[in-house]
Structures are given as C-alpha cells and as structure tokens.
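Welcome! Here is a short tour of a structure that may be new to you. Take a look at it first, and then we will walk through a few of its parts.

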Amino acid sequence: MRKVRVAIFGVGAVGSLIAKFLLEKEGVEIIGAIDIAKDKVGKDLGEVLGINKKVGVKVSDDVDAVLSKTKPDIAIHATSSFLKDTHQQLASLIKHGVKVISTCEELSNPYYTEPKIAKELDALAKKHGATVLGTGINPGFLMDTLVITLTAVCQKIEKIEAVRVMNAATRRLPFQKKIGAGLTVEEFQKKIESRQITGHVGLEQSIAMIADALAWKLDKIIAEPVEPVIAKKPVESEYIKIKAGQAAGLKQKAKGIMENKEVITLDFQAYIGAEEEYDAITIHGIPTVKQKIQPCVHGDIGTVAMIVNAIPKVIKAPPGLLTMKDLPVPSAAVEDMRKYVSL
Ligand SMILES: NC(=O)c1ccc[n+]([C@@H]2O[C@H](COP(=O)([O-])OP(=O)(O)OC[C@H]3O[C@@H](n4cnc5c(N)ncnc54)[C@H](OP(=O)(O)O)[C@@H]3O)[C@@H](O)[C@H]2O)c1
C-alpha cells in the first residue's frame, strides 16, 4: 500500500505545526507546499519549518502547478478564518479533484452563515469528486462535535450550554496579541472596530451545526459583541505585563434562539490570568448531562490532531462540502496512516 500524499496550502503557524507532525508520521508523505509569503516561496519546506533538514519539497505560490505535478490525495488548507478570503483558494484545490481539510473557521458549517458560498463549494466539490471539510479544535470539536455526541444519551433537551475558558498566559505571543492582552480598554475597542481584533471566529457556525444535528429550526443566532476581560490586579505572562484596568484578553457569547427561548449558548473566554482553564458542556434535559475537561484542551495540539486524524475519514467520505457531523465518530489515527485508509 502506498503512503497518503498530502499537500500543505498555507505554511503559517498552524500549517507548519501540521507539516511537522506529518513529517514524523508513518504512512503519509508531504508532496507539495503552497504559500504566498515572499519569505517562504522558493525555499525548501524544511527551511521554512526551521527543522534543519531538507524535505525535498519547495514552497510554491502556484497552486495549479503544484497540484498538476504532484497529484495529492488530500490538501491541508490553513490560511484564513474567513470564507471571503478562502473560498477562491478552496475552489482552486477542488477543481483539481483534490480532497480538502481546512482550518478555516467559517468553513466548519457555512450553510447557515454563508449559504451561497456553501452551496457553490458543495456543487463544485460534487462535480469534481472532491470532499471538503472545515475542522479544528474549535470550531470542529469542543463546542460542536463533542456537544452533538453528548446529546446522544438524551431523550429530551431543553437547553445546551458550552463554555471554554483559556488562560492565555500559556499561549504564544501572537495569540496573546490576537486577544488584545495588554491593551487599554480604549485601544481594545478601537482594534475591535477596525477588525484588527476579531475575537474567536466560529461560534455561530458551531451553534448552527448543533441545531442542524438536532433538527432544531432556530429563529436566529445572536453573536454578542466581543468584550475585553479587564484585569482586576496586575497579571503577567512570559511576554506581557498587564496593569490592573487593562485588557487581559477577551470574552464573547453567541446564542441560538428558538421559539423566543435561548436554547444554545456558547461562551468563549481567553485571557491572561484565568485561574481555571476548562471546557464545560451542560445539556439540560432528560437526563441532564454535565461534562468538564480540565485543563481545557490545548488549542494548537488539538487542532493539529483534529486535522491529521480527519485524513482517513475525509478520503473515504463521499464528495461534497461536509461538516463534522456528517463524518463517522471522530477518533485518533495514532498508528501508520495506512492502517486506516488503503490507497
Ligand atoms: N478551527 C480551528 O480550531 C482553528 C485552529 C487554529 C487555527 N485556525 C485558523 O487557521 C488559520 C491559519 O492559522 P495560522 O495561525 O497558521 O495563520 P498564519 O500564521 O497567518 O498563516 C497563514 C499562512 O497562509 C498564507 N496565505 C495567506 N493567503 C494565502 C493564499 N492565498 N495562498 C497561499 N497562502 C496564503 C500566509 O501568507 P502571508 O503571511 O503572506 O499572508 C501565511 O503564511 C487562521 O485563520 C486560524 O484562525 C483554526
């Protein structure tokens, strides 16, 4: 049996972590790498990853050339959170009949938020025999797939709540900047208005996925404004010192409303100094189900795992734009990848 042939589209922070993990993994090979960043194009992938070893794959900005030459089984796409940026990139992969797993948050379930793009990508994928999946740790698992799985033991459900609290002190500096840690409240608000801080992307998609799984017809999904979490006392991470009164990070909520009742609530908080880190789900129903993961699942490790573990399931899935709820029960592909999929 031959190895699974993978192309990496987007060799940024997350694409690099995925590439490094794939290079260590049995039964897969990276045969192409695509990125537009000037400091990466033309370089060996090993140099871009900073691993002191040549991979024998040059980073290219020419998608068509890479795909025509290398014919990957699957492309791992990690460039942006927003479909307005990524749908053309995804289409350029789909047109080659390549299956795609993407970290694009809005792709995780775009049928509610971007129905036109979702239908176009789905039709294109079916036409070219490609399967497309948006996934990751969140959206992709903690606040949607895991919630849906827990509902399986319920006879009745009144309300679902999921909370993710992360202590950003343990994360990279770019993440701390992304959540506005160290800004004054005024600077934070300005960056929110100019969209330099977007907060977590994916809460609406996660709510839509849960509702779809339960066949709940929501009246609306409300995404509340992203708010700063203000430090009550000085807190610090390895990189940033925060004074009392400054933003230590952010919090945001989204709600699914059905028949004037809030039936799904997702609550995301990421800030330096969070005393308890956890992922908690409560399903109020018969029976009521309460689940708590402590500490919360590490975002980068979990994302890399979700993407790589999805490879065999996506290769075996039918063509079209799928969501996590359309695939078999998620599980780890810890052995040689060829034990999970034969090509
Ligand atoms: N679902 C989840 O749980 C999850 C988890 C983690 C991350 N994500 C998302 O995954 C995305 C990638 O994250 P990241 O931290 O790796 O971002 P990043 O560090 O900015 O990397 C993105 C890379 O893609 C390149 N790129 C941008 N547009 C491109 C194009 N048209 N063609 C080829 N390459 C292109 C960028 O080049 P330039 O630098 O030149 O623009 C950069 O090298 C983000 O949107 C992030 O929010 C999702």
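A nonpolar core is a set of buried Ala, Val, Leu, Ile, Met, Phe, Trp, Tyr and Cys residues joined through side-chain atoms within 4.5 Å; buried means under 20% relative accessible area, exposed over 50%, and partly exposed in between, with a 1.4 Å probe and protein chains only. The model is predicted, so local features need pLDDT of at least 70 and side-chain atom pairs pLDDT 80 or more, while totals for chains, interfaces and linings use all residues. Residues are numbered from 1 along each chain as its sequence is written, and side-chain values use heavy atoms, leaving out hydrogens and water.

The largest nonpolar core has 86 residues, and Val4, Ile8, Leu22 and Ile311 touch the most other members. Beyond its neighbours within four places in sequence, Leu22 is in contact (heavy atoms within 4.5 Å) with Val6, Ile8, Val28, Ile30, Val308 and Ile311. A second, separate core of 23 residues includes Val66, Leu67, Cys104 and Ala118.

Next comes helix H11, residues 299-309, where 8 of 11 residues are buried. Among them are Val304, Met306, Ile307 and Val308. Helices (H or I, at least four residues) and strands (E, at least two) are DSSP runs, numbered from the N terminus. The buried residues of H11 pack against these elements:

| Element | Residues |
|---|---|
| Helix H1 | 13-24 |
| Strand E4 | 74-77 |
| Strand E5 | 99-102 |
| Strand E7 | 156-167 |
| Helix H12 | 311-316 |

Finally, Ser68 sits in helix H3, residues 63-70. Ser68 counts as partly exposed because its relative accessibility is 41%.
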